[in-house]
Amino acid sequence: MSTFYVTTPIYYPNGEPHAGTAYTTIAADVLARYHRLKGDEVFFLTGVDEHAANVYDAAKDMGLSPQAYCDKMAPAFIKLWERLNISHDIFFRTTSDLHKRGAQKFLNVLYDNGDVYKGKYEGYYCPSCEEFITEKELTDEKICPDHQLPLQWLEEENYFFRLSKYQDRLLTHIHEHPDFVYPPARRNELLNFLESGLQDVSISRASLPWGIPFPFDPEHIIYIWIEALSNYMTALGYEIESEQYQTFWPADVHMMGKDIARFHALLWPAMLMSANLPLPKQIVAHGWLTKDGEALSKTRGIFIDMDMDITTYGVDAFRYYLLREFSFGNDGDYRPTRLHARYNADLANDLGNLLNRVLGLVNKNFEAIPAPTTPGEFDDEIKEMAQATVDKLDEHIKAFAFDAALETIWEFVRRINRYIQQTQVWTLAKPETKPRMGTVLYNSLEALRLISVLISPFIPETAEKIQKQIGLSEFDTTAEWGRLPADLTVSRGEPIFPRVDTKHQKQAQPKKTAKPKQQKKTTDLVSFADFQKLDLRVARVLTAEPIEGADRLLKLQVDLGTEKRQVVAGIAEHYTPETLVGKQVIIVANLEPATIRNVESHGMILAGSGDAVVLATLETEMPLGTQVK
């Protein structure tokens, strides 16, 4: 059996966990769950990094001992990971005896191999980063480039690690293993840093009473980054070379934010080289989540209200948005209006309505899931796309392209919606066509079962709900077509993504003491005769693309059944082009043509506008061109 070992960083517990730590941990969880689906033996590590100076300071501010403070804060991370449905195998704390013994053993090995020596250090230090700032990074203002906080000048007699000794070996390893640091932008940054020269690094502190003592000099404690990085091995039982350590080390993926990539890609491998131990296979450093264009920061008070959004939309919608909205290697600006749009468009409309529609047709026309006895047009295409989706998903996961992975799955979701429309399955309930109806519905349910398997690493609760409503008593993890048994009794439950009203999130406005409400003038009313002049028609979006120079506009090609039209819609802030293709919409078909940003528009798409723009859609698909009254 293949093994897969994935880690998150161990997080500082000097404050509550935030959306940045959640993003890293959810991404690692997707990898762990996906490899379990593939049948790999998985070990998934996360935890807290407790021997930090900022933890010591936070404990002091609260009048607690550092250990009591850590005991108080660690449960906040455990509770959030439970809420986010994180499937870690261990939550590791660096105050554990297992870690302390392992870290001291590792330091002894570095010392015995001649790579640790005593010297004097002086330089500028960022307490939030727990890092000395090099001369080439130092600004005239003496400000931390990440936290934008004043640096401290420190002078100490410390122990040093001979990092400079491993510069050439690190360069060789990164060049010979191009995927060692991912994405390529992080790799290039690190190569530039490496090629400018490495200096030896201070690895001890004499002025801080909180930490793990040096095994050969108890007056010094081990610098936080040295002992923290070793947790990836100590948690496995490195101290005694346990079976678990021998099974899973080296790690397959160290997952983290880009701000700590240098420690993981340079310092950590150099120490492992010194100890003659295997290096991790990949260092994966994602971009930052931002809020209003600024990096999330506990220190600076910039945060995302995860609690509100999870309460409003559910944990799976929150997970989906983080993974679908942003390209993993790049920074992403978190916007609640985009979460709302994704929820309605992708989750409620595309997936939720598909499940509801298919189960409704099965309940109405059959006592149980019908057998697929009567193949017909489009069936083979559906089956081929199912396998292609599985194959593409594997490629995207290997490249950490979670957004592309989800879009690939949703292309299949939208294709099944079109399959139902193309076959017009709701018209096949007559005795002579009912076997064909049963086959189409079986194929649709099997597609939903397969979709539930593929989405389970991303949105696991939703995947389980789908399979339960289909009638499966145990979760089927097999991503192969044809596994769904006929004769199961479906159990249509509540919508998996019920409509969300975000009005309650708005703050109440002060009441005005004012004028009595006046009746609207009758001139504001529209006569029924005027309303009848509107020609509202069902159409399907064929293509969608941005309009250059117009952030809010999309150019759509729509099919009305008897003709195709070009329409301009101001929905680009709420819908991406790929999420629109295949959707049924309602358009005003007899509107005067207009030219918008030099693009002709022959009609108008109906949508609701509030906290977000939501397209007007149909509960059940209808033939294109159907008049809406």
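Analyst: Helix axes here are lines fitted to C-alpha atoms over the stretch in contact, and angles between them run from 0 to 180 degrees between N-to-C directions. Two packed helices are described by the angle between their axes and the distance between the axes. The model is predicted.

Start with the pair α11 and α12. Their axes lie 6 Å apart, and the helices pack at an angle of about 115°. From α11, the residues in this contact are Met 306, Asp 309, Ile 310 and Tyr 313. On the α12 side they meet Val 315, Ala 317 and Phe 318. By class, the contact of α11 with α12 has six nonpolar residues, one charged residue and no polar ones.

Now α11 itself. The helix spans residues 306-313. Its buried residues are Met 306, Asp 309, Ile 310, Thr 312 and Tyr 313. Why do they fall on the same side of α11? They cover an arc of only 165° around the axis, so they share one side of the helix. These buried residues pack against α12 (315-325), and also against α1 (19-37), α3 (66-83) and α13 (336-365). Just after α11 comes Gly 314, with a positive phi of about 100°.

Next, the setting. The protein has 629 residues, and 54% of them count as buried. It holds 19 helices and 26 strands. Along the principal axes, the C-alpha atoms fill a box of roughly 90 × 65 × 45 Å. Take the contacts with a separation of 6 or more: 74% of them come from residues 24 or more positions apart.

Two residues show opposite surroundings. Asp 61 lies in helix α2 (residues 53-62). At 69% relative accessibility, Asp 61 counts as exposed, because the cut-off for that class is over 50%. His 254 sits in strand β12 (residues 253-257). Its relative accessible area is 0%, so His 254 is buried. The side chains of His 254 and Thr 7 are joined by a polar contact of 2.8 Å. Beyond its neighbours within four places in sequence, His 254 is in contact with residues including Tyr 232, Trp 249, His 264 and Trp 268. Pro 280, Gln 282, Ile 283 and Val 284 are also among its contacts.

The strands complete the view. Strand β4 (residues 116-126) runs antiparallel to β6 (residues 152-161), and ten bridges join the two. In this pairing Tyr 117 stands opposite Phe 160. β6 also runs antiparallel to β8 (residues 201-202), through two bridges. There, Phe 161 has Val 201 as its bridge partner.

A further sheet is open and has three strands, in the order β9-β11-β10, with antiparallel pairing. Its edge strands are β9 (204-205) and β10 (213-214), each pairing on one side only. Two bridges join β9 to β11 (residues 217-222). Ser 204 stands opposite Ile 222 in β11.

Technical notes. Residues numbered from 1 in each chain as written. Predicted model: local features only at pLDDT ≥ 70, side-chain atom pairs only at ≥ 80, totals over all residues. Heavy atoms only, no water. Buried < 20%, exposed > 50% of the residue type's maximum accessible area, 1.4 Å probe, protein only. Helix = DSSP H or I, 4+ residues; strand = E, 2+ residues; numbered from the N terminus. Arc of directions from axis to C-beta. Contact = heavy atoms within 4.5 Å. Polar contact = N/O pair within 3.5 Å; in protein donor to acceptor, adjacent residues only side chain to side chain. Nonpolar A, V, L, I, M, F, W, Y, C, P; charged D, E, K, R; others polar. Pairing = 2+ DSSP bridges.
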